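I opened my notebook today to look up a few things in a structure. Come along and check each entry against the picture.

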Amino acid sequence: MTDAIWLDHYPQEVAKELPEIPHHHLPSLMGEASKKYSGQKAFTQVMPNGMNGTLTYEKVDELSDHFAAYLREELGLVQGDRVAVQMPNCLSYPVVAFGILKAGCVIVNTNPLYTAPEMVHQFRDSGAKALVVIDMFADRLPEVIGKTNIETVVTVKISEFFPAVVGKVIRGVQRYWSRSLPPVEVSHTLFKDALAKGKAQASGKDYLEGIGRGSLAALQYTGGTTGVSKGAMLTHGNLVSNTIQMLQMNGKYIQEGKEIVLTALPLYHIFAFTVNLLGFYYVGARNILVPSPRPPSNLKRAFENYKVTWLSGVNTLFNALLNERWFTDRPPKHLVASAAGGMALHESVATKWQEVTGTPIVEGYGLTESSPVISFNPLGGKVKIGSIGIPVPSTLMRCVDENGKPVKQGEAGELVAKGPQIMKGYWQREDETNSTVVDGWLHTGDIGEMDEDGYFTIVDRKKDMILVSGFNVYPNQIEETIAAMDGVTEVGVIGIPDEKSGEKVAAFVVSSLQEPSREEIIAYCREHMAAYKVPSMVTFVDELPKSPIGKILRRELRDGALATASSSSDTSKGA
Amino acid sequence: MRELMILAAEEANAATVVNEFEELLLRIFVVTIMFGLGAGLTPKDFGLALRRPWGLIIGWVTQFGIMPLVTYLLIISVLLPFSSVEGIMLVALGALIMGSVPAGTTSNLFTYFSKGNLALSVTMTVNSTLWAFIMTPAALFIYSNFLGLDESLSIEFSELALVIFGLIVPVALGMFLRRLSANIGAVLELIGGALGLLFIPFLIIIWVPRNWPLLMSTEWPTYAVAIGMGLVGITAAYYLTKLFKMHPMNARTVALETGINNGPLAIAVIIAVYIDNPGIDQILLVPALYSLFIVLISTAVTLVFRRANLAAEQKIPNLL
């Protein structure tokens with residue numbers, strides 16, 4: 001087994017092992033913060049034009065109690081019942097999420113942009129009995145609800161908990177200007193009525209009796225990139241541990257009761273869920289919730305009006321901000337650091353970010369299946385750009401070969417990890433669980449390497465690896481190289497079947513000016529990498545297919561490329 | 001924007017201008033719009049416009065360099081050769097005055113709608129209005145000499161002060177309120193924008209019927225000058241900014257700021273200086289037409305600019 005050589009690089013203030021945590025479930029963890037910071041602002045939702053609403057810790061605590069009572073008393077749900085949540089970042093989200101957990105129920109985060117069939121799959125698979133949904137997206141419900149076990153639909157407004165006048169203005173704009181309020185054609189309860197009913201029936205009963213570390217807290221769906229989406233069973237223990245692990249790693253750089261964290265990533269995604277919602281709540285930070293960072297100029301007012309100290313993001317978001325003039329002209333003055341995850345952070349982006357803002361991006365790594373944080377660059381220690389850092393406390397990580405045997409330090413192998421944050425398994429999919437979690441080791445499907453300091457680097461996704469005449473080619477490396485060229489906004493690299501070499505490298509480039517040219521890109525690659533890695537095909541595209549959090553979907557790129565190759569039509573799109 | 005109402009009355013009798021109530025109403029309208037738009041700004045926006053003074057400098061050059069020149073060229077190439085109207089030189093004089101005055105609030109409004117740099121626009125308006133004290137008479141002196149006219153004109157500083165005051169105070173107040181509460185700021189901005197949007201069709205609707213005879217009796221060379229000034233001015237300034245590789249946001253701002261001149265100011269100046277001139281109606285002709293058509297031209301340009309802005313906007317995946 002690999003030695004935990006990374007422990008030598010833990011900053012002094014970071015404990016090597018997770019300390020004893022007195023909290024056995026999330027409501028207990030959150031409850032500590034709710035009491036400690038009761039009068040402080042917990043969440044502020046900021047619209048693109050600067051309109052905003054705020055909830056204090058005390059208010060979030062009180063409202064989520066009401067919602068828990070609604071679920072248990074009014075709807076008659078019991079411990080372990082699943083409740084689906086489908087909304088963008090807004091003030092209702094923490095109230096709903098904490099309410100579900102306080103009721104002893106299980107939260108099923110659902111992407112609001114899902115199509116009807118995707119919703120049906122997730123609701124049926126999870127067996128959710130209730131759904132809390134943003135009204136803007138409720139128009140798909142009539143074709144969905146009947147095919148699921150959902151008995152109750154609660155609708156929330158984007159302007160929930162805003163000052164009355166401002167809320168009405170937003171409502172008016174939604175209804176008459178942007179016309180984004182379709183009629184809700186299934187029977188439903190308004191969120192505010194649900195809260196009122198819960199308040200009326202609150203009995204002070206303990207809904208959490210018997211809920212412990214091993215109890216299920218969330219079914220977090222994943223695997224959209226491999227095909228069928230499956231629910232990772234995250235327990236209270238997983239999420240409590242991971243929250244503390246993540247905070248531990250950032251040591252004194254996250255100050256209790258003082259931070260203002262910008263939450264532009266969706267809370268329904270595990271990264272923002274654990275890091276922003278749970279982690280920063282626990283330390284008494286103020287979460288600035290942005291419903292949609294698209295276009296990136298939507299973040300302008302949030303940065304102008306609040307002294308943002310932390311930001312969590314993915315490569316796409318950091319890159320987008322660096323391409324916004326208002327951002328580079330006036331980078332946030334109070335920023336301490338940013339956390340990156342979800343996808344590989346490009347070195348060029350990390351370096352430019354440091355130049356523009358004067359603050360580091362610390363890259364971490366994790367999967368939905370690991371709640372998600374497995375490793376992080378220690379902010380108080382050595383931060384290595386391009387590395388996913390070292391395992392968080394109480395976590396083991398190593399690279400293994402096809403037989404599960406650890407490879408030598410410096411050699412590439414599949415990353416596996418073990419720790420208190422690793423999921424219980426996939427919901428009702430024993431086979432997949434057994435092939436993914438072996439003897440407590442989570443097989444990540446990522447190829448990585450460990451350097452002499454115990455820092456890990458992701459080489460690529462196992463399944464994205466391209467085999468050119470027997471040589472392993474990792475798309476990430478080629479993407480990094482091309483992305484560093486001036487004029488290239490983004491790039492996606494895939495392998496496509498080739499008669500001669502088995503597979504050949506194809507690059508899809510987004511470049512607003514169509515500069516550099518195809519020939520220039522190829523010449524540049526020749527200069528920077530071995531010949532077999534140089535793309536034999538460079539295609540300019542307007543946009544790359546991406547997952548909801550901005551990961552480039554290489555599978556879709558590949559499918560698109562294959563479809564184009566097989567059809568003789570010139571009109572079919574390459575991506 | 002006040003110009004249009006003035007013009008409505010002008011036809012009957014230039015001396016009566018608009019009645020006090022109408023003038024007050026229009027001033028309130030304009031001040032409210034600027035108050036709302038100001039609520040979208042922060043002191044840093046202005047700091048940035050001043051820290052990078054290229055926009056301001058190029059804007060100054062286009063304002064007093066391009067616009068009077070464009071007007072002069074239109075006069076000698078279109079108006080004088082093709083017009084048969086008596087007193088055509090008075091019409092030309094009015095056009096020159098219109099071309100030599102600085103920008104006004106209308107340019108700020110259209111910059112806002114064009115997703116331009118509003119802080120730069122306001123700064124440019126203030127800057128060029130201050131400079132107008134020297135530059136407007138100077139430009140008029142030069143080009144009227146070329147035309148063989150011996151005109152000299154002085155602007156009352158109080159007229160300019162009024163323009164600046166009417167701009168700075170509401171903008172500063174809006175900024176202050178936004179600082180106090182982002183919610184109040186955002187609501188004010190929305191109201192300002194909505195009023196601005198209503199203002200455009202409102203002006204056209206009241207202007208056109210009341211001035212129908214004027215529109216019918218004017219010959220095409222005069223139209224060509226009144227329309228061409230704004231159109232050519234905006235286009236020329238836009239391409240000049242491209243030459244200097246200005247950021248698209250600032251390029252749009254400078255273009256609009258250059259092509260949209262302060263109609264009310266031109267009219268006020270003409271009335272103050274030429275009130276006893278029997279040909280004052282002719283002098284007021286181009287400023288009157290310009291004031292209507294610049295609103296139409298700017299609306300069209302704004303639509304083009306907005307489309308370009310949308311196309312250039314970063315497309316990132318929907319994180320919703």
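**Entry 1: handedness.** Before looking, I wrote down a rule: a crossover is right-handed if, with the strands pointing away from the viewer, the path from the first strand over the helix to the second runs clockwise. I also noted that helices (H or I, at least four residues) and strands (E, at least two) are DSSP runs, numbered from the N terminus. With that I found that strand 3, helix 3 and strand 4 of chain A make a right-handed β-α-β unit.

**Entry 2: ground rules.** This is a predicted model, in which local features need pLDDT of at least 70, side-chain atom pairs count only at pLDDT 80 or more, and totals for chains, interfaces and linings use all residues. Residues are numbered from 1 along each chain as its sequence is written, while chains are lettered from A and ligands numbered from 1 in the order in which they are written.

**Entry 3: confidence.** I looked up pLDDT, the predictor's confidence in each residue, from 0 to 100. Its mean over chain A is 90, and 95% of the residues reach 70 or more. Over residues 568-575 of chain A, though, the pLDDT is below 50.

**Entry 4: the whole chain.** I listed 17 helices and 27 strands in chain A. Its C-alpha atoms fill a box of roughly 70 × 55 × 50 Å along the principal axes. How does the radius of gyration of chain A agree with that of a compact globule? The radius is taken over C-alpha atoms, and the globule rule is 2.2 Å times the number of residues to the power 0.38. For 575 residues the rule gives a value near 25 Å, and chain A has 24 Å, which agrees.

Entry 5: I call a residue buried if 20 or more other C-beta atoms lie within 10 Å of its own, exposed if 12 or fewer, and partly exposed in between, with C-beta atoms placed from the backbone. By that count, 53% of the 575 residues in chain A are buried. In helix 3 (residues 92-102) of chain A, eleven of the eleven residues are buried, so this helix is largely enclosed by the rest of the structure. Among them are A:Y93, A:F98 and A:K102. After helix 3 of chain A comes A:G104, with a positive phi near 80°.

**Entry 6: strand 4 and its partners.** Two strands pair if DSSP finds at least two bridges between them. Strand 3 (residues 82-86) and strand 4 of chain A run parallel and are joined by four bridges, with A:V83 partnered by A:I107. Strand 4 also pairs in the parallel sense with strand 8 (residues 216-222) of chain A, over three bridges. There, A:I107 has A:A218 as its bridge partner. Which way do the residues of strand 4 (residues 106-109) of chain A point? A:V106 and A:V108 point one way, A:I107 and A:N109 the other way, and all are buried.

Technical notes
Two residues are in contact if their C-beta atoms, placed from the backbone, lie within 7 Å.
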